[in-house]
Amino acid sequence: MTTSLPVLPVAAQVPGSRRRPVPGLLVMRLRTAEQHVLVVLGDADLATADQLRDQLTGALTGQPRSLLVELAGLDFCDLSGLDALHDAARQAHASGVHLTFRGMSAQLGWLHRTFPARDLS
């Protein structure tokens with residue numbers, strides 16, 4: 001394992017982000033020699049989905065070989081949050097990055113099955 005980055009509020013992690021952190025969402029970035037990891041805590045909803053999307057996009061920008069998104073700390077996710085996850089999946093697929101979502105709650109699993117991502121062929 002190499003370095004881990006400090007825990008910061010979402011907007012502070014994305015260079016050039018103009019978004020202010022919204023209470024309810026915290027994303028931590030960790031990096032090892034083998035993969036990048038995002039740990040998502042709180043709620044991914046209409047108020048926080050854009051910040052989540054920024055974090056996911058920022059993590060994919062450097063085109064790591066793989067990105068693990070740990071969702072076990074995600075307390076709630078609505079369709080806006082699911083959309084942000086789907087957008088990341090599309091971007092990762094287009095960039096050739098192996099993306100894994102781990103720790104989905106039953107609620108998020110149901111959303112994912114009911115409203116699957118499109119265009120990931």
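How far apart along helix H3 are arginine 90 and aspartate 87? The two residues are 3 positions apart in that helix, and are therefore separated by about one helical turn. The legends below accompany close-up views of a predicted model.

View 1. Strands of a sheet pair through backbone hydrogen bonds, in either a parallel or an antiparallel manner.

View 2. S1 pairs with strand S2 (residues 36-44) in the antiparallel sense, over 7 bridges. Arginine 31 has histidine 36 of S2 as its bridge partner.

View 3. Serine 66 is located in strand S3, which covers residues 66-77. Its relative accessibility is 13%, and serine 66 therefore counts as buried, the limit for this class being under 20%. The side chain of serine 66 is joined to that of glutamine 35 by a polar contact of 3.3 Å. Leaving aside residues up to four places away in sequence, serine 66 touches Glu34, Gln35, His36, Val97 and His98.

**View 4. The salt bridge between glutamate 70 and arginine 102.** The structure holds 4 salt bridges, and one of them is formed by the side chains of glutamate 70 and arginine 102, at 2.6 Å from N to O. Glutamate 70 lies in strand S3 and arginine 102 in strand S4, so this pair ties together parts that are 32 residues apart in sequence. Glutamate 70 counts as buried because its relative accessibility is 14%. Arginine 102 has a relative accessible area of 46% and is partly exposed.

**View 5. The salt bridge between arginine 53 and aspartate 87.** The closest N and O atoms of arginine 53 and aspartate 87 are 2.7 Å apart in a salt bridge. This pair links distant parts of the chain, with arginine 53 in helix H2 and aspartate 87 in helix H3 (residues 79-95), 34 residues apart. Arginine 53 is partly exposed, at 22% relative accessibility. Aspartate 87 is also assigned to the partly exposed class, with a relative accessible area of 28%. Side chains of opposite charge can pair when their charged atoms come close.

View 6. Arginine 90 forms a salt bridge with aspartate 87, in which the closest N and O atoms are 2.9 Å apart. Both residues belong to helix H3, where about one helical turn separates them. Arginine 90 is partly exposed, its relative accessible area being 27%. Through salt bridges that share partners, Asp50, Arg53, Asp87 and Arg90 are joined into one network.

Terms used. Residues are numbered from 1 along each chain as its sequence is written. This is a predicted model: local features need pLDDT of at least 70, side-chain atom pairs count only at pLDDT 80 or more; totals for chains, interfaces and linings use all residues. Side-chain values use heavy atoms; hydrogens and water are left out. Helices (H or I, at least four residues) and strands (E, at least two) are DSSP runs, numbered from the N terminus. Buried means under 20% relative accessible area, exposed over 50%, partly exposed in between (1.4 Å probe, protein chains only). A polar contact is a pair of N or O atoms within 3.5 Å; within protein, one must be able to donate a hydrogen and the other to accept it, and residues adjacent in sequence count only if both atoms are side-chain atoms. Contact means heavy atoms within 4.5 Å. Two strands pair if DSSP finds at least two bridges between them.
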